[in-house]
Amino acid sequence: MYFFARFAPVRAVMDLRRYLARRHPYEIAFLFLAIAVTTFLVTLLVNDSRSIEVPYDRKIIYVEQWRADRTDAEIRAQQKIDQVKQAAIKAELDRLQKKRQAEFKAIDDKLKAYGF
């Protein structure tokens, strides 16, 4: 607490004023320019992070109860049914990935046309 007892806002402002008074005008201009650019970039980043709304997506995982006395034939039959479902999900995922790759390739081609 002793540190804050010696802190005086008026003395701090006077000290800053004396420090800035000893600087050349171009140094002060670049100081304020650097502060303005940094503030602008941080503001852009904060606004950009707020603009993306993440939808709430409930992930519910259901657990199937299996009988303990199932035969191997029943297990294999269920695996074949599940394999068809998983193949359909994988095909949809692959389709979406290829679509996303095509979008990025189109953007890349446009940037290459501009020389980037």
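Guide: V37 lies in helix α3, which spans residues 25-51. Helices (H or I, at least four residues) are DSSP runs numbered from the N terminus, as are strands (E, at least two). This is a predicted model, in which local features need pLDDT of at least 70 and side-chain atom pairs count only at pLDDT 80 or more, while totals for chains, interfaces and linings use all residues. Residues are numbered from 1 along each chain as its sequence is written, and side-chain values use heavy atoms, leaving out hydrogens and water.

V37 counts as partly exposed because its relative accessibility is 41%; buried means under 20% relative accessible area, exposed over 50%, and partly exposed in between (1.4 Å probe, protein chains only). Together with Y26, F30, L33, F40, L41 and L44, V37 makes a nonpolar surface patch of about 730 Å². Such areas come from the Shrake-Rupley method with a 1.4 Å probe, and for residues only the protein chains shown count as cover. Patches are made of residues with over 30% relative accessible area and no salt bridge; like charges are joined within 9 Å, and nonpolar side chains (Val, Leu, Ile, Met, Phe, Trp, Tyr) within 5 Å.

A salt bridge is a side-chain nitrogen of Lys or Arg within 4 Å of a carboxyl oxygen of Asp or Glu. The whole structure holds 9 salt bridges. One of them joins D69 and R67 at 3.1 Å, N to O. D69 is exposed at 57%, whereas R67 is partly exposed at 49%. R67, D69 and E74 are linked in a network of salt bridges.
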